[in-house]
Amino acid sequence: MKNGLDEVVAAETVLSHVDGEGGRLIVRGHDIETLAGKAAYEDVVTLLWSGVVGDAPAPGAPCTDVAAARVRAFERLAPLVPFVAHLTPIEATRFLIGVIGDSEPLAKPSGMLATVGVAAALATRISEGGAPVPPDLARGHADDLLRMIRGRDGDAAEVAALEAYLVTIIDHGLNASTFTARVVASTAAGLPSALVAAVSALKGPFHGGAPGPVLDMLDAIGTEDAADAWLAGALDRGERLMGFGHRIYRVRDPRADVLKAAVRTLRGRANRIALAEGVERHALALLARRKAGRRLDVNVEFYTALLLEALGIPRAGFTALFAAGRAAGWIAHVREQETSGRIIRPQSRYVGPMPASAA
Ligand code: ACO
């Protein structure tokens, strides 16, 4: 038995490949570094979905397709805001996606991509007490989500940085949330159900819930001088250092540097990057000593935290925004799984007591 399904290959996919030893992420034949910061999110969605997802946005017009779906999603979800005001953004996102019925037009791939984005933006906006901001048909996905979350336009550098983030996280092999989506898809439960399940898996701090706690950690450390003592104390208490470690990567997560480069394009971030780099150095040295043989390195969430903070996105909304970007990957995996046509049903090994044998 493989505890945690380590090294088990549970699906074949044409979508993405994570090379844990090489520190490489390939999306539909392209290294992530050649896509992030160089292509619009909708163009990478088209690339990812092509030949896999039935209603992939048409090349050349993807922005319009997804924007129109955002408008429909907003009309459907905004009236529900009073019912989710007490929830965290990721809890509210989970709820809002769950109201889409299987037979609604929004349950199609473009509709669900827009629904997850609009749900995440609405949920984050209202968590800060802001009024819902309707989508703008003329904008790209990253531009519009940033505006809907913050209630003000992003400048060109901010929009480009968020675009780079959404592309960087678009798909990542059989991670926990994607596997969850495929399990649900394998029962033919439909796209909205698979996405609610995926969001639920993403929510945990061992997966997509880490970047908010990364900032809490940087705040608590304060200055690089204090890093060693703070980090050692956390490990002494048996805690995990948020933003470090990965099941597959045994070297540096390639997405971390893509995101660090994106943070550098934003004005006034130099000090926070310097602190983060210092904390990273201390954490890696400490982990190498304390967890010798584990080969723990920095993961995507560490510099995600800095990037989203620099964009003025409330930290409570980080995981919801992750869901908005990853939704394209989940949707493609759901369609790929549905066409493979086999229910995912592993076995367990029974280690409990047996019934007393009949006399
Ligand atoms: N801090 C301290 N110790 C760690 C860390 C860490 N960040 N990561 C792994 N370890 C330790 C574990 O305690 C465990 O040690 P033990 O056996 O002595 O108890 C061992 O290393 C497990 O190592 P792996 O098998 O490599 O890790 P696993 O695959 O079980 O977990 C995970 C991977 C969940 C990402 C883990 O590294 C972790 O919790 N990291 C912190 C949270 C985080 O950054 N999550 C975001 C991940 S990226 C993403 O999902 C988008």
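Visitor: How many salt bridges does the count come to?

Guide: This is a predicted model, in which local features need pLDDT of at least 70 and side-chain atom pairs count only at pLDDT 80 or more, while totals for chains, interfaces and linings use all residues. Residues are numbered from 1 along each chain as its sequence is written, and side-chain values use heavy atoms, with hydrogens and water left out. Taking a salt bridge as a side-chain nitrogen of Lys or Arg within 4 Å of a carboxyl oxygen of Asp or Glu, the count comes to 26.

Visitor: Which residue forms a salt bridge with E21?

Guide: Side chains of opposite charge can pair when their charged atoms come close. In this pair the closest N and O atoms are 2.9 Å apart, and the partner of E21 is R295.

Visitor: How many residues apart are E21 and R295?

Guide: The pair links distant parts of the chain, with E21 in the loop between β1 (16–19) and β2 (24–27). R295 lies in the loop between α14 (270–290) and α15 (300–310), and the two are separated by 274 residues.

Visitor: Which residue has a polar side-chain atom 2.5 Å from an oxygen atom of the ligand?

Guide: A polar contact is a pair of N or O atoms within 3.5 Å. A polar side-chain atom of R250 lies 3.1 Å from a ligand oxygen, whereas the 2.5 Å distance belongs to R247.

Methods: Polar contact = N/O pair within 3.5 Å; in protein donor to acceptor, adjacent residues only side chain to side chain. Helix = DSSP H or I, 4+ residues; strand = E, 2+ residues; numbered from the N terminus.
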